[in-house]
Amino acid sequence: MVRAALLQMTSSDVPDENLIAVRQMMADAVSQGAEFILTPEVTNCLSTSRTHQREVLCHEEDDPTLSGLRSAAAKHGVWVSIGSLGLKTKDGDGRFANRQFVITPSGEIAARYDKIHMFDVEVTPEETYRESDGYRPGTQAVVAETDFAKIGLTICYDVRFPALHRRLAQGGAAILTAPAAFSHVTGAAHWHSLLRARAIETGCFVLAAAQTGVHPASRGAQRQTFGHSVAIAPWGEVLADAGTEVGITCVDLDLEEVNKARKRVPSLTHDREFDGP
């Protein structure tokens, strides 16, 4: 058994403010017995302004949120999934990385994952996103080793790509992360269905810490996100749903449920080659 805590936030575009908030939430989660703490996508800065991002985002080695959360993990002796941080990159075309980190109880970086699938969509004529304009997609699927389970890392829009999740599960993952800053429109339509499907297909726990509400913006337009941080069991049951309020949702994971679900329906071992179309 492991107790996981999903932190649901309304991050602003001011990284220092967000770090103070998440460190306090971590301390509160530890007081509730959490051993594994998960934060949402873009924990450090949720902004629609590329100009503002260029001014406030840092390279990984200089990022105060990463440093602060590594210190907090070591202070409390807990595993942490930093859902993602917006970070500057040194190579390529100057776009940012949308990067998840798994932090050990001693504050070391156990794994990094750069979001593979970019949210380039027109949800409505008024709500259009071109994530790839500002962020460089990753190319590597990642399974992180912890002392309680192997964890497959995904971020937000990745949830719509079942092949990635299947690869992670076949690579040993018993838990899949799905940190998000999900659109409130697509969230209402698809969030729960997609996450339950990924859990059922893989026989994994799915843990999705989410951004929620209307996000304060010192520059650029405000964004609204869906919330509903959820934990899904390997058989597809919703174990916890945070609704739309900022806060902490704790859930106890019985990892034997992974083996039970996969024994009942061993679809991960039933791949077949096929032709066409």
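Guide: Let's take the terms one by one, bearing in mind that this is a predicted model.

Visitor: What makes strand 2 and strand 3 a pair?

Guide: The cut-off is at least two bridges between the strands. Strand 2 (residues 36–38) and strand 3 have three bridges and run parallel, so they count as paired. One spot to look at is F36, whose bridge partner in strand 3 is W79.

Visitor: And which way does strand 3 run against strand 4, parallel or antiparallel?

Guide: Antiparallel, with six bridges joining strand 3 to strand 4 (residues 97–103).

Visitor: Why is strand 3 called largely enclosed?

Guide: Buried means under 20% relative accessible area. Nine of the nine residues in strand 3 (residues 79–87) are buried, so the rest of the structure largely encloses it.

Visitor: How many residues sit between the two strands of the hairpin made by strand 8 and strand 9?

Guide: Four residues lie between them. Strand 8 (residues 143–145) and strand 9 (residues 150–153) run antiparallel and share three bridges; since at least two are needed, they therefore pair. V143 is found opposite G152 of strand 9.

Visitor: What is the β-α-β unit made of?

Guide: Strand 9, then helix 5 (residues 162–170), then strand 10, and the unit is right-handed. Strand 9 and strand 10 (residues 175–177) run parallel, with three bridges, and I151 faces I175 of strand 10.

Visitor: What span would be expected of helix 6, and what does it reach?

Guide: At 1.5 Å a residue, 27 Å is expected; helix 6 (residues 184–202), with its 19 residues, reaches 26 Å from first C-alpha to last, which is close.

Visitor: Where is the kink in helix 6 centred?

Guide: On H190, where the kink is about 55 degrees. That angle is taken between axes fitted to the seven residues ending there and the seven starting there.

Visitor: What caps the N-terminal end of helix 6?

Guide: S183 does. After helix 6 comes G203, with a positive phi near 65 degrees.

Visitor: Which residues of helix 6 are buried?

Guide: Among them are W191, L194, L195 and R198. Residues three or four places apart in an α-helix point the same way, because there are 3.6 residues a turn.

Notes:
Residues numbered from 1 in each chain as written. Predicted model: local features only at pLDDT ≥ 70, side-chain atom pairs only at ≥ 80, totals over all residues. Heavy atoms only, no water. Right-handed = clockwise from strand over helix to strand, strands pointing away. Buried < 20%, exposed > 50% of the residue type's maximum accessible area, 1.4 Å probe, protein only. Expected span 1.5 Å × (residues − 1). Polar contact = N/O pair within 3.5 Å; in protein donor to acceptor, adjacent residues only side chain to side chain.
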